[in-house]
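This briefing covers one protein model, taken topic by topic.

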Amino acid sequence: MLSIRTSATRLLYSVARPRVRRCMADLDKLQWSSEGKVLAVQRRYLGRVLDYAYRYVPNYQDLFREIGFQPADFAADPGTLAQIPL
């Protein structure tokens, strides 16, 4: 019997766009990596999410403008993430 994760992964691979498949493949490899490598990849992905939100999501555009946050700030210093209210 297949696990839920395996079933979900197979389904995702069969219907998801190539970009998502690449991301899943990266994450599968990442589970065996060092802590430093995992943190670096997590920061890269989070940086992409912040950049996307800054460019395309009006609510986050307004929020980032209001608090003076730029996605490039996060790339230079991940500690700037604390500026964003939860």
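pLDDT is the predictor's confidence in each residue, on a scale from 0 to 100. The model is predicted, and its mean pLDDT over the protein is 84.

**Confidence**

- Of the protein's residues, 90% reach a pLDDT of 70 or more.
- Confidence is lowest in helix 1 (residues 4-15), where the mean is 70.
- The highest confidence is found in helix 4 (residues 58-67), with a mean of 94.

**Largest pocket**

- The largest pocket holds about 400 Å³ of space.
- Two elements, helix 2 (18-30) and helix 3 (35-56), each give two or more residues to its lining.
- Helix 3 gives the most to that lining, with 8 residues.
- The lining of the largest pocket is made up of 13 residues.
- Among these, Arg19, Cys23, Tyr45, Arg48 and Val49 lie nearest the centre of the pocket.
- By residue class, the lining has 7 charged and 6 nonpolar residues, and no polar ones.

**Thr80**

- Thr80 is located in the segment that follows helix 5 (71-76).
- Is Thr80 buried or exposed? Thr80 counts as buried because its relative accessibility is 13%, and the cut-off for buried is under 20%.
- Which residues is Thr80 in contact with, leaving aside its neighbours within four places in sequence? The contacts of Thr80 on that basis are Phe69, Asp73 and Phe74.

Terms used. Residues are numbered from 1 along each chain as its sequence is written. This is a predicted model: local features need pLDDT of at least 70, side-chain atom pairs count only at pLDDT 80 or more; totals for chains, interfaces and linings use all residues. Side-chain values use heavy atoms; hydrogens and water are left out. Helices (H or I, at least four residues) and strands (E, at least two) are DSSP runs, numbered from the N terminus. On a 1 Å grid over the protein atoms alone, a cavity is a set of points where a 1.4 Å probe fits but cannot get out, and a pocket is an open set with protein on both sides within 12 Å along at least five of seven lines; lining residues have an atom within 4 Å of a point. Grid points are joined across faces, edges and corners, and a volume is the space filled by probe spheres set on the points. Ala, Val, Leu, Ile, Met, Phe, Trp, Tyr, Cys and Pro count as nonpolar, Asp, Glu, Lys and Arg as charged, and the others, Gly among them, as polar. Buried means under 20% relative accessible area, exposed over 50%, partly exposed in between (1.4 Å probe, protein chains only). Contact means heavy atoms within 4.5 Å.
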